[in-house]
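Colleague: Thanks for making time for me today. Could we go through your model together, one question at a time?

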Amino acid sequence: MEVDVFTLFPDAFGWFERQRHVVNAVALGTRLEYLNYRNHTPLSAGQVDDTPFGGGAGMVLRVDVVEAALRARYGRDPVELRGDRRVIALTPGGRLLDDALVDELAREPALTVLSGRYEGFDQRIVEHFASDELSIGRYVLAGGEIPAMVVCDAVLRKLPGALGDERSPVEESFSSALEGAPEYPHYTRPAEYRGWRVPEVLLSGHHARIRAWRLEQSRARAEGRSLP
Ligand SMILES: C[S@@+](CC[C@H](N)C(=O)[O-])C[C@H]1O[C@@H](n2cnc3c(N)ncnc32)[C@H](O)[C@@H]1O
């Protein structure tokens, strides 16, 4: 998979790049790059934003600047690019990221992620250059770098070999293996701590009963039921 993240702050991704699953995904052939809009701005003094028409607080990322950055990278009109490559504009009001969408993105050969800053994107960027408008939640962060990391983290850990154990991303909260429900609880040693016992079934070694218990716990969590 190829992932290009467009940002004004490529340095923000230093910690993310060092995470084990990201390192693994890259070692197994994923290409992950960060591209600074500012490097190709057609405006003087590295300008990338401007004041909003109609007035109001903050600055808006310019459409000509984003077009120049996309053209420099892909050598083609971004209006056409989005027809055969997922170009994701990160916006608080976009489609909410969930496990099904992460699975869908993980099957793509290439992703482009556009991080906004300040007041956000000129709307023409979203309407004409992006194939998707995506939100990581109904709240507002200062910039698209953390949302971009959230998207890349969730997608890359789904790639074969990214996690140490191939089973890890299969049966997790919201996965189809758990019928979209939150995951069941986990316990480890000691089996008893301050009088809090681990459920007996998990110590039984009886795989079918453990499986049934876990699925029941998962369903109960989805329905907001509490189980003994
Ligand atoms: C301060 S925000 C802009 C908020 C915008 N004025 C609004 O009210 O929707 C700057 C940038 O951060 C990113 N961002 C902030 N919160 C986000 C979220 N919940 N999901 C996705 N991107 C987000 C977007 O790229 C956005 O353009």
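This is a predicted model: local features need pLDDT of at least 70, side-chain atom pairs count only at pLDDT 80 or more; totals for chains, interfaces and linings use all residues.

Colleague: Which side chain does Arg86 meet in a salt bridge?

Modeller: A salt bridge needs a side-chain nitrogen of Lys or Arg within 4 Å of a carboxyl oxygen of Asp or Glu. For Arg86 the N to O distance is 2.8 Å, and the partner is Glu104.

Colleague: And how far apart in the chain are Arg86 and Glu104?

Modeller: The side chains of Arg86 and Glu104 meet in a salt bridge. This pair links distant parts of the chain, with Arg86 in strand β5 (residues 86-96) and Glu104 in helix α5 (residues 99-106). Their separation is 18 residues.

Colleague: Asp84 pairs with Arg76 in a salt bridge. Why does Asp84 count as exposed?

Modeller: The Asp84 and Arg76 side chains meet at 3.1 Å, N to O. Arg76 counts as partly exposed at 26% relative accessibility. Exposed means over 50% relative accessible area, and Asp84 counts as exposed because its relative accessibility is 57%.

Colleague: Now the ligand: how much of its area does the protein bury?

Modeller: There are 19 residues around the ligand, and Tyr139 and Leu141 are among those that come nearest. A polar backbone atom of Gly116 is 2.8 Å from a ligand oxygen, while a backbone N or O atom of Leu141 lies 3.0 Å from a ligand nitrogen. Taken alone, the ligand exposes 590 Å², and the share buried by the protein is 83%.

Colleague: You mentioned Tyr139. Which residues make a nonpolar surface patch with Tyr139?

Modeller: Tyr139 sits in the loop between β8 (132-135) and α7 (145-156). Tyr139 has a relative accessible area of 45%, so it is partly exposed. The patch covers about 350 Å², and the residues alongside Tyr139 are Leu141, Ile146 and Val150.

Colleague: One last one: which residue's backbone oxygen does the side chain of Ser175 reach?

Modeller: Ser175 lies in the loop between α7 and β9 (192-193), and it counts as buried because its relative accessibility is 3%. Leaving aside neighbours within four places in sequence, Ser175 is in contact with Asp99, Val170 and Gly180. At 2.7 Å, its side chain reaches the backbone oxygen of Glu172.

Key: Residues are numbered from 1 along each chain as its sequence is written. Side-chain values use heavy atoms; hydrogens and water are left out. Patches are made of residues with over 30% relative accessible area and no salt bridge: like charges are joined within 9 Å, nonpolar side chains (Val, Leu, Ile, Met, Phe, Trp, Tyr) within 5 Å. Accessible areas come from the Shrake-Rupley method with a 1.4 Å probe; for residues, only the protein chains shown count as cover. Helices (H or I, at least four residues) and strands (E, at least two) are DSSP runs, numbered from the N terminus. Buried means under 20% relative accessible area, exposed over 50%, partly exposed in between (1.4 Å probe, protein chains only). A residue is near a molecule or strand if one of its heavy atoms lies within 4 Å of it. A polar contact is a pair of N or O atoms within 3.5 Å; within protein, one must be able to donate a hydrogen and the other to accept it, and residues adjacent in sequence count only if both atoms are side-chain atoms. Contact means heavy atoms within 4.5 Å.
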